[in-house]
Amino acid sequence: MAPESHPAAAADAPSRNEHSRSRRFAGWREHHGWSAGASLRRLAARPLGSLLTITVMGLALALPLAFYLLLGNVQKLGDALGQSQAISVFLQPGQGAQQARLLADELGGRPELSGVAIKTPQQGMDELARMQGFSGALQSLGDNPLPFVLELRPRPDATAPVLERLVAEVRAMQGVQMVQDAGSWRQRLDALLAVGNRAVQVLASLLALAALLVVGNTVRVDIASRSEEIGVLLLLGASGAFVRRPYLYAGIWYGLLSGLLAAALAIMIEFALAGPVARLSQAYQGKLQVGGLPLWLLLAVPLAAAALGWLGARLVSAWQLRKAA
Amino acid sequence: MIQFDQVSKRYEGGHEALSQLSFEVPSGEMAFVTGHSGAGKSTLLKLLGLIERPSHGVISMDGKSLAKIRHGGVPKWRRRIGMVFQDHRLLMDRTVFANVELPLVIGTVAQAERARRVRAALEKVGLLACERQLPATLSTGEQQRVGIARAIVARPSLLIADEPTGNLDPQLALEIMGLFGEFQQLGTTVLIASHDLPLIKRMKRRVIVLDHGRLVADLAAQEVL
């Protein structure tokens, strides 16, 4: 039981002070690897608890994604139903090309408009002919009954009250039969979508906070259950960073896995919507191009969730270890 | 050299665990700190491990005051000393090897070197054959020897032990003390808190006697009967 020399001397190892920086770095890197592996094994060692945590976080992250998907598609639906916010000015029958040009020149100088296009009766007829179901009816017409139409394109920064005033003024102009403001309902839709987008942002922030708290609480329980081990490590000279490391990796794993789950759920929602959306698209002659979540977002969600998990673990472990120290 | 200069420790609530304690322990010496329960033995060791801070006075090692070590420097200080506890403080879900390896992992020592040092330490305490076992499969005495191997594996300049033989039978306790004696002979300063007077007498080392936090006797090895 009693060999002759000091154990460390017997090992013929250099003292701690003689360790080169690269060796220390190798040791530090090795501990990172160990911490990442050990924290993953701990998650696997209690599958039910880990699964519940990941599922709760995954659902919390999937919810704003689903709303984002829904809003994006409502926006696309709006685009399909009204390609632009153009204001159509139908001239009275009998108004010719010259009157149309004069009116277009007059309106073209308005500051709230970016441009005015003249659509001739023939162009209107051709457009109708291209639409399904109209070609037969048009053949039965003798003369072209369509009037000249001016398409007014508002500037993007033109506000709704300004455009409403413009529409009222144009309605009162001589030679104008009717004004159709396609932009007004679109503006209302855009306003609703802006409200929806803001609501999704708020919801996403709240649910991200919830996910952070879920990770934080899980790590808190984990740290509490290993308080004895932490105490020993601190007595042996472990730094706070050393003790925290496995818990930070646990937070990263929880976040990453729940982010992947959220992305998978979002893809499943896309697939679930695909059938009804295809039928809706057919009803609009294929104009409705409904899309899924962009790839960058699907990749960003697990990474952001991992960062969120790290943050939750970092906050809680720092607080817990301050108590333990 | 460890120096205690008029060191007092008063806990919240007013209990004074140590009172104006002054003594020196030269480097490479082995000394016992003894006294009745509540005499202040454990508090003294806690002050050396920076688990507690003194209320008054100065503790220094090799001329450097421990008061200058701030919170962030405590881990580095603790890596310089080895600590042995009565209740071993082993991690029961890790093998003997992993337990002994801990100070070297904390000290970011490379893996190959760690393996060499851990095996040397385990050989020193006679437990090399048990390296793959969990501590729960070992006897109390063997667990204490694992604790000692863990304390010496990083080659500390100071080894402190709080009642290291408290749960051991006399023969085993003597063997453990013999181990400490060997480390002292190799240049490590060893400070042991113990109330086992028969054992202390048999070891024939310097004895610092405390009573209610005060130094009542400081006996040189030859004065211990």
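**A walk through chains B and A**

Let's start in chain B, where 4 strands make an open sheet in the order S2-S1-S4-S5, with antiparallel pairing. Because strand S2 (16–25) and strand S5 (64–65) of chain B sit at the edges with a single partner strand each, one side of each has no neighbour in the sheet. Keep in mind as you look around that this is a predicted model.

Strand S1 of chain B covers residues 2–10 and strand S4 of chain B covers residues 56–61; the two run antiparallel, and 5 bridges join them.

Next, head over to where the chains meet. On one side are 27 residues of chain A, and they are in contact with 34 residues of chain B. Which elements of chain A give two or more residues to the side that touches chain B? They are helix H1 (7–10), helix H2 (21–45) and helix H9 (227–235) of chain A. H2(A) gives the most to this side, with 7 residues. As for the make-up of the side of chain A that touches chain B, its residues divide into 16 nonpolar, 6 polar and 5 charged.

Finally, step back and take in chain A. It is divided into two parts: domain 1, made of 36–80 plus 189–324, and domain 2, which spans 87–181. Taken over C-alpha atoms, the centres of domain 1 of chain A and domain 2 of chain A are separated by 50 Å.

Technical notes: Residues numbered from 1 in each chain as written. Chains lettered and ligands numbered in written order. Predicted model: local features only at pLDDT ≥ 70, side-chain atom pairs only at ≥ 80, totals over all residues. Domains from an automatic or database assignment. Contact = placed C-beta atoms within 7 Å. Nonpolar A, V, L, I, M, F, W, Y, C, P; charged D, E, K, R; others polar. Pairing = 2+ DSSP bridges.
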